[in-house]
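Please read this briefing alongside the sequence and the structure shown below. The points are grouped by topic, so that each can be checked against the model in turn.

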Amino acid sequence: MTLTAATHEASAPAPRSCAGCTACCVLPEIDALQKPADRPCRHCSVGIGCSAYDARPDLCRDFLCLWVTGDALGTHWQPSHAGMLVYRQGAQLTVLVDPARRGIWQVEPYAGDLSRLAGEAEAEGGYLILFCGETVERIRPHAAPASRP
């Protein structure tokens, strides 16, 4: 999945920070930097940050990790801990999974959270797409369990 610039609005200052997380420097493909997916950017010091931070391209400046910018994701979604990066691209909610953590998105609490996020995205006319290495999956909300009499 190629990272593209997107316009985002934030209603309040982000209560979270990157704090050494470099998932956005590793997981997405970034054409402007000739960076393939799942490999660190040439400016990335993994676990530390960007060595070209002040001169980074607008694409990197404009990137907004959903874990940092909102409260839709619990603390367990911190990208360097979860091995997943979540962000919006227009109507698409994108999840990039570290191939070294391939099945993490299929276990709780992540599987339930992804189902919920997929439902919220669909309710707004959007959808959730997950990328893990060469695997691309559209995540759909789980059907609500039938109520019992």
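This is a predicted model: local features need pLDDT of at least 70, side-chain atom pairs count only at pLDDT 80 or more; totals for chains, interfaces and linings use all residues.

- Just after H5, the backbone at Gly125 adopts a positive phi of about 85°.

**The protein chain as a whole**

- The protein chain holds 5 helices and 6 strands, and when these are read along the sequence they follow the pattern α-β-β-α-α-α-β-β-α-β-β.
- Of the 149 residues in the protein chain, 40% count as buried, while the accessible surface comes to about 8,600 Å², with 52% of that area belonging to carbon and sulfur atoms.
- When contacts in the protein chain are taken between residues at least 6 apart in sequence, 52% of them join residues that are at least 24 apart.

**The sheet of E3, E4, E5 and E6**

- An open sheet is formed by 4 strands in the order E3-E4-E5-E6, and the pairing within it is mixed.
- The edges of this sheet are E3 and E6, each of which pairs on one side only.
- On average, and with direction ignored, neighbouring strands of the sheet are turned by 20° against each other.
- Strands of a sheet pair through backbone hydrogen bonds, and the pairing may be either parallel or antiparallel.
- Strands E4 and E5 run parallel and are joined by 6 bridges, and one of the residues involved is Gln92, whose bridge partner in E5 is Tyr127.
- Helix H5 packs on this sheet, where it touches E3, E4, E5 and E6, and the direction of H5 makes about 140° with that of E5.

**Strand E3 and its hairpin**

- Strands E3 and E4 pair in the antiparallel sense over 6 bridges, and within this pairing Val86 has Val95 of E4 as its bridge partner.
- The hairpin of E3 and E4 has 2 residues between the strands, and in this hairpin Gly90 takes a positive phi near 65°.
- Strand E3 is largely enclosed by the rest of the structure, because 5 of its 6 residues are buried.

**Aromatic pairs**

- How many aromatic pairs does the model contain? The count comes to 2 aromatic pairs.
- Phe63 and Tyr87 form an edge-to-face pair, with 5.0 Å from centre to centre and 65° between the planes.
- This pair links distant parts of the chain, since Phe63 is in the loop between helix H2 (58-62) and helix H3 (66-69) whereas Tyr87 is in strand E3, 24 residues apart; both Phe63 and Tyr87 are buried.
- For Trp77 and Tyr110, the ring centres are 4.9 Å apart and the planes stand at 90°, so this pair, too, is edge-to-face.
- Because Trp77 lies in the loop between H3 and H4 while Tyr110 belongs to helix H5, the pair ties together parts of the chain that are 33 residues apart in sequence; both Trp77 and Tyr110 are buried.

- Leu64 has its place in the loop between H2 and H3, and with a relative accessible area of 30% it is partly exposed.
- Although Leu64 and Arg88 are 24 residues apart in sequence, their C-alpha atoms are 7.9 Å apart in space.
- Is Thr22, at 6% relative accessibility, buried or exposed? Thr22 counts as buried, because its value of 6% falls under the 20% cut-off.
- Thr22 lies in the segment before helix H1 (23-26), and, leaving aside residues up to four places away in sequence, Thr22 touches Cys44, Ser45, Val46, Gly47, Ile48 and Gly49.

Technical notes: Residues are numbered from 1 along each chain as its sequence is written. Side-chain values use heavy atoms; hydrogens and water are left out. Two strands pair if DSSP finds at least two bridges between them. Axes are lines fitted to C-alpha atoms, for helices over the stretch in contact, and angles run from 0 to 180 degrees between N-to-C directions. Contact means heavy atoms within 4.5 Å. Buried means under 20% relative accessible area, exposed over 50%, partly exposed in between (1.4 Å probe, protein chains only). Accessible areas come from the Shrake-Rupley method with a 1.4 Å probe; for residues, only the protein chains shown count as cover. Rings of Phe, Tyr and Trp (its six-membered ring) pair if their centres lie within 6.5 Å; planes under 30 degrees apart count as stacked, over 60 as edge-to-face and the rest as tilted.
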